[in-house]
Amino acid sequence: MPGSTVESVKHAAFDERKAYVPQEEKGQAFFDDGREIELLHFVYGHPSIEEIRGSPENVLKAIDEYGRTRKYLMNVGADKGKIVANLVAEVKPQVMVELGGYIGYSALLFGNAVRKAGGQKYFSLERNPEFGAVIASLADLAGLSDVVKVVIGSSADSIKRLHSQGSLEHIDLMFLDHYKPAYTSDLKLCEHLNLITPGTVLAADNVIKPGNPPYLEYVRSSVEKKRKAAAMEETNGFDVESEFGRNADMYKQREGEEKINTELKGNPNLVYESKLVNSYEPTGEPDGVEITRCTGMAK
């Protein structure tokens, strides 16, 4: 019975000179406390603003400068970002989707890579309208408005809406970096809508910090195991006391509780090959990106 192949790739040493300031201690806000708007003022008020305009690379440098010298930003960062940017260059997606845009670091880095690879559209799905406005502003500043499309709303609702409108018919490459319990349910939704097919590639962030065991179990499972789980109507649960459970409380304060559809079975017949690429958070803490390739469809 076809199944998933799993491997792990080691990482080089972290360059401490580019480290962001540490993330705030547990219990303290580390996003959605005004720093995102402060970042916009920092970038637009930068002494090198004229060199920044029209340059995705220079906008990213300014964001990194803020993260190093002012406040922590929960970006994918340069190290993990390079892993995915190289993947974009390899896959050459016409359409790439990211779930969770935050302030646009990944949209700028990967959207620019999509354009360089000859792609057409980068959909950045972000639940928070203020964060979405920051993404759109920085994408415009970087000269990427023709490629980067910001979509506001919950990830599941946005996926369904884009699909029903005919704006999203297939996903060539998808970057998951949003509400951690939604990784698996949103992937199953995309499978259900036939947006994921053989040839699609997935890149999931934060699979080590804070970790996402249910997602890793799903993409690393054999077709046989997924079929059995679907037949038994098993769901992937989360420990609400876990790291991402606590982080979810911060989202709830502003956006309300995220509703997760645990009923969708997706398409268990899709065959995945998955590998963990070890890397670092922008602070230097170990993390990794799970790269999953859809290689076929079992009969």
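Predicted model: local features only at pLDDT ≥ 70, side-chain atom pairs only at ≥ 80, totals over all residues.
1. Start with the overall picture. The protein has 12 helices and eight strands. Of its 299 residues, 55% are buried. If you take contacts between residues at least 6 apart in sequence, 81% of them join residues at least 24 apart.

2. Next, the helix pairs. Two packed helices are described by the angle between their axes and the distance between the axes. Helix 4 (residues 77-91) packs on helix 5 (residues 105-116) at an angle of about 25 degrees, and their axes are 9 Å apart. That angle makes helix 4 roughly parallel to helix 5, and the crossing of the two is right-handed. On the helix 4 side, the contact uses Gly77, Ala78, Gly81, Lys82, Val84, Ala85 and Val88. Helix 5 brings Tyr105, Leu109, Phe110, Ala113 and Val114. Sorted by class, the contact of helix 4 with helix 5 has nine nonpolar, two polar and one charged residues.

3. Helix 7 (residues 155-165) and helix 8 (residues 182-192) are another pair to look at: their axes come within 10 Å and cross at roughly 10 degrees. Helix 7 and helix 8 are therefore roughly parallel to each other, and helix 7 passes helix 8 in a right-handed crossing. Which residues of helix 7 meet helix 8? They are Ser155, Ala156, Ile159 and Lys160, and they meet Asp186, Leu189 and Cys190 in helix 8. The residues in the contact of helix 7 with helix 8 split into four nonpolar, one polar and two charged.

4. Helix 8 also packs against helix 10 (residues 213-220); here the axes come within 8 Å and cross at roughly 35 degrees. Tyr183, Thr184, Leu187, Lys188 and Glu191 make the contact from helix 8, and Pro214, Tyr215, Tyr218 and Val219 make it from helix 10. The class count for the contact of helix 8 with helix 10 is six nonpolar, one polar and two charged.

5. Keep Glu191 in view for a moment, and turn to Pro268. Pro268 sits in the loop between helix 12 (243-255) and strand 7. Along the chain, Pro268 and Glu191 are 77 residues apart, but their C-alpha atoms are separated by 8.6 Å. Is Pro268 buried or exposed? With a relative accessible area of 14%, Pro268 is buried, the cut-off for that being under 20%. Leaving aside residues up to four places away in sequence, Pro268 touches Val223, Lys226, Arg227 and Ala230.

6. Strand 7 (residues 270-280) is mostly covered, with nine of its 11 residues buried. Strand 7 runs antiparallel to strand 8 (residues 286-297), and 11 bridges join the two. The hairpin of strand 7 and strand 8 has five residues between the strands, and in it Gly284 takes a positive phi near 100 degrees.

7. Some backbone angles deserve a look too. Most residues other than glycine have a negative phi, and most peptide bonds are trans. Asp32 has a positive phi near 60 degrees, and it is not a glycine. You will find Asp32 in the loop between strand 1 (5-9) and helix 1 (35-44). Asp32 is buried, at a relative accessible area of 16%.

8. What is the phi of Asn206? It is positive, about 60 degrees, although Asn206 is not a glycine. Asn206 is in the loop between strand 6 (201-204) and helix 9. Its relative accessibility is 8%, so Asn206 counts as buried.

9. Last, a peptide bond to check by eye. The bond that joins Lys209 and Pro210 is cis, with omega at about 5 degrees. Pro210 is found in helix 9 (residues 207-211), and the loop that holds Asn206 lies between strand 6 and that helix.

Conventions:
Residues numbered from 1 in each chain as written. Heavy atoms only, no water. Axes fitted to C-alpha atoms, helices over the stretch in contact; angles between N-to-C directions. Helix = DSSP H or I, 4+ residues; strand = E, 2+ residues; numbered from the N terminus. Parallel < 35°, antiparallel > 145°, perpendicular 65-115°, else oblique. Left-handed = near helix turned anticlockwise from the far one by under 90°. Contact = heavy atoms within 4.5 Å. Nonpolar A, V, L, I, M, F, W, Y, C, P; charged D, E, K, R; others polar. Buried < 20%, exposed > 50% of the residue type's maximum accessible area, 1.4 Å probe, protein only. Pairing = 2+ DSSP bridges.
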